[in-house]
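Please keep the sequence and the structure in view while reading.

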Amino acid sequence: MSGRRAAPPAPADVTAMLRAVIDPELGDNIVDLGMAGEVRVDADGRVTIPVKLTIRGCPLRAQIKKDVESRVAAHPGVTGVTIEWGEMTADERTATMTKARWNARQQAGDTRVPLGARVLAIASGKGGVGKSSVTVNLAAAIAAEGRVVGVLDADIWGFSIPRMLGMSDRLEARRVGDAGKPSIVPNERRVGAGLLKVVSTGMLVEDEGTALMWRGLMLTKAVEQFLNDVHWGDLDYLLIDMPPGTGDVQMGLARMLPRTDLVIVTTPAVSAQKVAIRAADMARRSFLRVAGVIENMSSFTCDHGGEYALFGEGGGAALAAEVGAELLGRIPIERAVAHGGDEGQPVALSGTGAAAVEFRRIARAIIDSTPTTADMGGCSARAEDAIPLTLRR
Ligand SMILES: Nc1ncnc2c1ncn2[C@@H]1O[C@H](COP(=O)(O)OP(=O)(O)OP(=O)(O)O)[C@@H](O)[C@H]1O
Ligand SMILES: [Mg+2]
């Protein structure tokens, strides 16, 4: 050994080392996330690295510090490492979150839901507000416009989709193409020029094979299986009927299908609305975008034409304003909605009442707001659009 120190690294070499430092929350390295600034190295081997955190007091600061220091200090020519801490501006933060969300989409495992399909999860913070009724009616009305619409019943234990669509046939598992493992093939129902493709635990055979596949499955695992093991084939839309409450299924969905948009169903009552806000909060934390709010059971018109706000008034509009999303529509209380559900004939298909008309109008608005492949050019614009409002500021 000559005792001579190794030459200091070039700034570009240090930047390359920093690419190994991952912000675990954002799932990418601090260079690509725009957190690491221009590196300086002096002749004595002292390295200075500006690092901007997305928020002041970021809990990951200590971890990032340790990671940066240990990686850079390991270079033989480095005699010291100094981190200059900073905080991002709102614009920088937006850029970083866009990148993070983009990554989340890229890294989400391969589900078998076709990339071109728009995914809408129908959720609420509370049970019994009409999620399943909204799901089947929107699915039927979108299909009636000539689209192929998948319906995934994520209410694993409390399924109601098979009854509401009048589809109780057992699901088949079949080998599709040259796949080694059999896939679940959705049940189909033609609707005008369109098609419904439906999967629900209510359609599972009680024979050993299939029953075994499901026994003891956790909720999120079951939904994961639906996303991974169902051969959906072509789909324009996938509507997911969420179980009541927020929690696990929503987080799982965010992980597996981060492009999912939420449609939040609420009743006009303020109490229901508070719960719905919780659903929206969960959406923010899981990066899911809220595509809109639907107020269900809005008012009741009696046979004599009198209108009654049985469950209060204004909850949908208030929630929409609260979460910064659009109020997609208000569905009145009508016997025909419940009756259609019991008969397996969604009222949106041939009903003439106000509820049916409103369901069809909302379906049309969803179709109109869905970019076609032709106008997907500005993907980053859509990614930006998908940033939770709280993070945009
Ligand atoms: N607009 C409406 N008019 C009349 N009845 C309705 C309306 N919307 C829903 N219902 C009825 O209210 C009941 C609850 O609706 P639904 O099952 O769709 O709610 P949900 O939110 O999916 O419930 P859960 O949380 O149990 O899954 C059903 O009997 C349904 O037929
Ligand atoms: Mg339901």
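The sections below treat the chain, a sheet, a strand, a helix pair, the ligand shell and a few single residues.

## The chain as a whole

This is a predicted model, in which local features need pLDDT of at least 70 and side-chain atom pairs count only at pLDDT 80 or more, while totals for chains, interfaces and linings use all residues. Residues are numbered from 1 along each chain as its sequence is written, and chains are lettered from A and ligands numbered from 1 in the order in which they are written.

The secondary structure of the protein chain amounts to 15 helices and 16 strands. Helices (H or I, at least four residues) and strands (E, at least two) are DSSP runs, numbered from the N terminus. Of the 393 residues in the protein chain, 41% are buried. A residue is buried if 20 or more other C-beta atoms lie within 10 Å of its own, exposed if 12 or fewer, and partly exposed in between, with C-beta atoms placed from the backbone. Two residues are in contact if their C-beta atoms, placed from the backbone, lie within 7 Å. Among contacts in the protein chain between residues at least 6 apart in sequence, 76% join residues at least 24 apart.

## An open sheet and a buried strand

Strands of a sheet pair through backbone hydrogen bonds, either parallel or antiparallel. Here two strands pair if DSSP finds at least two bridges between them. One open sheet has three strands in the order E3-E4-E5, with mixed pairing. Its edge strands are E3 (40–41) and E5 (80–87), each of which pairs on one side only. Strand E3 pairs with strand E4 (residues 46–53) in the antiparallel sense over two bridges, and Arg 40 has Thr 48 in E4 as its bridge partner.

Strand E6 (residues 118–123) is mostly covered, with six of its six residues buried. In a regular strand the side chains alternate between the two faces of the sheet. In E6, Arg 118, Leu 120 and Ile 122 point one way, Val 119, Ala 121 and Ala 123 point the other way, and all are buried. Strand E6 runs parallel to strand E12 (residues 237–241), to which five bridges join it, and Val 119 stands opposite Leu 238 in E12. Four bridges join E6 to strand E13 (residues 261–266), again in parallel; there, Ile 122 has Val 263 as its bridge partner.

## Two packed helices

Helices H4 and H13 (residues 354–369) pack at an angle of about 65°, with their axes 9 Å apart. Axes are lines fitted to C-alpha atoms, for helices over the stretch in contact, and angles run from 0 to 180 degrees between N-to-C directions. The residues of this contact divide into eight nonpolar, one polar and one charged. Ala, Val, Leu, Ile, Met, Phe, Trp, Tyr, Cys and Pro count as nonpolar, Asp, Glu, Lys and Arg as charged, and the others, Gly among them, as polar. On the H4 side the contact holds Asn 137, Leu 138, Ala 141 and Ile 142, and the H13 residues include Phe 359 and Arg 360.

Is Arg 360 buried or exposed? Arg 360 counts as buried because it has 22 C-beta neighbours inside 10 Å. Leaving aside its neighbours within four places in sequence, Arg 360 is in contact with Ala 141 and Ala 348.

## The shell around the ligand

Ligand 1 is surrounded by 21 residues, the closest being Gly 127, Gly 130, Ser 132, Ser 133 and Ala 338. A residue is near a molecule if its C-beta atom, placed from the backbone, lies within 6 Å of it. Helix H4 (131–144), strand E14 (289–301), strand E16 (327–333) and helix H11 (335–343) each supply at least two residues of this shell. By class, the shell has eight nonpolar, ten polar and three charged residues.

Met 297 is placed in strand E14. Met 297 has a positive phi of about 60°, although it is not a glycine. With 27 other C-beta atoms within 10 Å, Met 297 is buried.

The table lists C-alpha separations.

| Residue pair | Apart along the chain | C-alpha separation |
|---|---|---|
| Gly 27 and Ala 100 | 73 residues | 6.7 Å |
| Arg 360 and Ala 140 | 220 residues | 9.0 Å |
| Ala 16 and Val 72 | 56 residues | 9.8 Å |

Gly 27 is in the loop between strand E1 (22–23) and strand E2 (28–29), and is partly exposed, with 15 other C-beta atoms within 10 Å. Ala 16 belongs to helix H1 (residues 11–18) and counts as partly exposed, with 13 C-beta neighbours inside 10 Å.
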